[in-house]
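Look at the sequence and the structure side by side.

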Amino acid sequence: IEIKMAFPKGTIDPLCFDEKCFMQEDFNTDRFVNNCRRRVTIDQLRCDLETYFKNLKAGMIELINSDYGDFVNLSSKLAGLDHSLSNISVPLSQLKEEICSMKIAINQILESVRNKVKERREIQQNKVFLEHLIDALDAVDSLEELISGSSPVLGKGNGAVSSTSLTRSAVEFNHLQFLVSQTQEHPLVQQLTPRISEVTQKLQNALEAVFLDSFQEKDKAQLFACLQTYAIINKQTSAESMFRNLIVKPYMERVISAKVLGNPNGLAVMFDDIITFLPAYCQTLNDVTAGNIGVSEERVTPLEGYNFLVNSVWPEIVDLLEKRLPLLFALGNPDTFHKNFTSTSKFLDRFELHCVSVAQVKLLRSSASYTAFLSKWTLPVYYQLRFHQIAGMLENALSDPLEKGHLSSGWKLNSFLIAWECIETCWSKEVYLKPLLHRFWKLTLQVISRLATHLSQLLKDKIPTMDWQNAVELVTAAISDMNTFCSKMTSWFTDVISPSSSGSVIECLRDGLQDSIEQLGLVAKAFQEGGVAIVAQECCKGLENVNAIPRLYRRTNRDVSGRGHWAWPIYLLCLLPVYFQVPSKQSVYVDSIVYPLVMLQKKGDLGPEGFPHWCSGVMEIFIQRFLTISGEVLTSVKRTEESLSKLKRSRRSVLSQTIGMSDDNKIRLQIALDIEYLEKKIYTLEYDVSSLTGLKKLKDTAHIARTTALSQQSN
């Protein structure tokens with residue numbers, strides 16, 4: 001009894017457990033306590049259980065009180081019930097005895113009927129068994145009469161008589177096989193076994209003779225009847241085996257010989273002779289099994305269960321190739337292996353063209369002999385040999401990264417020339433095999449990845465230690481070859497890979513190639529940045545001379561204050577050369593700043609598109625560096641000037657005067673001249689300077705320095 005208790009809202013808190021859990025059959029106290037302890041404490045659980053118990057007890061009392069009247073009246077309603085039960089017990093006992101006796105009688109009748117039915121079934125089975133024995137004897141006699149020649153039906157006559165005789169023989173033989181299977185344990189059947197074997201052998205010999213005669217005479221009607229007889233007796237494999245042993249095998253033994261491997265074209269000639277056999281000997285069988293047996297190509301019901309091409313011709317070819325030409329599959333010479341496999345693949349394609357349907361092609365490819373023949377070709381081992389050959393050639397080229405390529409090849413570095421030759425070798429007609437498409441494609445991507453890794457390592461380790469001119473030459477050559485390589489790979493994929501693959505495969509291969517080209521493009525970008533950094537570093541070497549300008553002009557003007565009147569003329573005469581020492585031309589170091597760019601432009605290795613990009617990057621770097629250094633020098637000059645000015649004011653000199661332009665203004669003027677000359681040299685590079693943001697700042701610095709120097713001099 002499920003007691004539902006509803007607690008008034010606001011009078012009691014929700015319990016920490018579900019009341020229905022106590023009604024479950026698999027209720028467990030320990031599990032209940034553990035589950036509750038995860039949510040509340042033991043004290044809280046005890047309080048909730050006590051609350052639930054009180055409410056349960058109250059509900060039980062309420063239930064008893066509500067049905068109290070029924071409990072009290074229950075005893076009064078049961079008065080006299082025992083007397084009524086005793087009155088009906090005797091009739092019930094009698095009825096039970098009658099039913100039991102009737103059940104026993106019915107069971108006896110049923111058992112008797114079952115026995116009679118069983119006896120009749122056994123009689124019927126024995127009757128059928130006896131009939132089978134009689135029919136078996138008659139079938140053996142009939143077959144012996146048909147085959148022995150007592151009846152003219154198996155003799156050579158017109159096609160209708162032969163077809164009827166073959167069909168009758170097949171039907172009788174099938175009937176005999178069924179009868180023997182039903183009565184094989186009987187002694188009489190065991191006595192008939194020798195006769196049955198003899199009849200079977202004679203029938204097979206007769207069918208074999210008919211098959212050979214009709215096949216040689218190309219009598220399609222007679223051949224159809226013979227094959228139909230084989231199908232009726234479920235001996236299609238016997239017909240296929242007979243065709244293989246008597247017709248296919250003698251021909252193939254003459255054609256397939258180990259001598260063909262010694263002749264350059266021997267293998268191709270052998271395969272041509274094998275293909276010639278197919279239309280000459282198999283076309284008739286294909287027509288007959290397809291139902292084309294009349295002179296006017298009259299069609300009848302096709303024969304099922306025959307596949308002479310797959311079950312007779314192909315297994316014999318494979319057996320003889322494996323026995324007589326084991327060197328055909330040898331891997332001693334990869335070139336010879338490639339030639340043999342290519343010739344064999346072409347032969348397989350031509351062989352499949354003689355299949356009458358797509359289903360027959362699938363059946364051929366799924367046959368055990370076909371699978372075993374393909375497994376003889378150890379293609380993974382062949383790929384490993386080619387892999388070591390190609391990878392070794394690439395590694396030898398990468399060992400000398402500075403080696404230049406041949407002028408006629410179009411490559412500037414030998415490493416790119418060899419890498420391209422490796423890829424072309426992978427897909428050349430003398431190396432590539434179609435079943436290894438995925439492996440050779442993987443090798444192609446590995447060549448590109450290895451080249452990219454080698455170039456990255458070269459940029460990191462080798463190039464920083466080289467002379468800047470050699471380093472720039474190597475960098476420009478590598479960038480040029482990388483651009484050429486990526487361009488050629490794209491066109492090569494369209495010309496070579498796309499025609500040899502299907503649509504879905506092409507997209508997958510194109511995605512993989514695109515990733516590799518992008519990887520090489522990132523390396524080219526890193527090389528370009530590295531080349532720009534190398535040239536910029538060389539350009540910035542001359543900028544260190546800017547810090548030496550103050551040393552050239554500092555203290556060239558002397559203070560004449562405090563000297564006697566007699567010393568003034570002499571001192572003035574001594575300072576006349578210095579007085580006229582005003583900066584009028586650029587410093588020598590300015591030419592060295594632009595010299596690397598001039599040399600790079602003369603060589604022309606970067607081309608009309610690459611040089612502006614390099615020029616922009618290099619100029620941005622050394623202009624920014626020039627701004628920084630000149631700014632520091634000018635700031636230092638200004639501070640020095642202010643310090644001297646304060647010092648002179650503190651001395652309150654009566655006569656404090658310098659002759660000519662001050663040292664600070666000479667420094668300013670020299671820096672302005674250097675910047676202006678640098679600007680002219682930049683314009684001689686025939687480069688669009690509008691994109692150089694730092695050049696305008698440099699011009700402003702020169703203008704401010706010149707203006708400051710001249711204004712102070714005029715004052």
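Searching the whole structure turns up one cavity of 30 Å³ or more. A cavity here is a set of points, on a 1 Å grid over the protein atoms alone, where a 1.4 Å probe fits but cannot get out. Volume means the space filled by probe spheres set on the points, with grid points joined across faces, edges and corners. This is a predicted model: local features need pLDDT of at least 70, side-chain atom pairs count only at pLDDT 80 or more, and totals for chains, interfaces and linings use all residues. Residues are numbered from 1 along each chain as its sequence is written, and side-chain values use heavy atoms, without hydrogens and water.

What lines the largest cavity? The residues are W468, Q469, V472, P596, M599, L600 and K603. Lining residues have an atom within 4 Å of a point. The largest share, four residues, belongs to α22. Helices are DSSP runs (H or I, at least four residues), numbered from the N terminus. By class, the lining has five nonpolar, one polar and one charged residues. Nonpolar covers Ala, Val, Leu, Ile, Met, Phe, Trp, Tyr, Cys and Pro; charged covers Asp, Glu, Lys and Arg; the others, Gly among them, are polar.

Next comes a pocket. A pocket is an open set of points with protein on both sides within 12 Å along at least five of seven lines. The second largest pocket holds about 500 Å³ of space. Its lining has 21 residues, and F341, S345, D349, K434 and P435 lie nearest its centre. Nine of the lining residues come from α11, the largest share.

Now the surface. L74, L78, L81, L85, I88, L92, L95 and I99 make a nonpolar patch of about 760 Å². Patch residues have over 30% relative accessible area and no salt bridge, and nonpolar side chains (Val, Leu, Ile, Met, Phe, Trp, Tyr) are joined within 5 Å. Areas come from the Shrake-Rupley method with a 1.4 Å probe. Helix α4 (residues 81-148) gives six residues, the largest share of the patch. L74 lies in helix α3 (residues 68-77). L74 is partly exposed, at 49% relative accessible area. Buried means under 20%, exposed over 50%, and partly exposed in between (1.4 Å probe, protein chains only).

Finally, the charges. Side chains of opposite charge can pair when their charged atoms come close. How many salt bridges does the structure hold? There are twelve salt bridges. Each is a side-chain nitrogen of Lys or Arg within 4 Å of a carboxyl oxygen of Asp or Glu.

E316 and R244 form one of them, at 2.7 Å, N to O. E316 sits in helix α10 (residues 308-324) and R244 in helix α8 (residues 236-255), so the pair ties together parts 72 residues apart in sequence. Both E316 and R244 are buried.

R365 and E352 form another, at 2.8 Å, N to O. R365 is in helix α12 and E352 in helix α11, so this pair ties together parts 13 residues apart in sequence. R365 is partly exposed, at 47%, whereas E352 is buried, at 11%.

K404 and E473 also meet in a salt bridge, at 3.0 Å, N to O. K404 lies in the loop between α14 (379-398) and α15 (414-426), and E473 in helix α17, 69 residues apart. K404 counts as exposed because its relative accessibility is 55%.

Terms used
Helix = DSSP H or I, 4+ residues; strand = E, 2+ residues; numbered from the N terminus. Patch = residues over 30% accessible without salt bridge, like charges linked within 9 Å, V, L, I, M, F, W, Y side chains within 5 Å.
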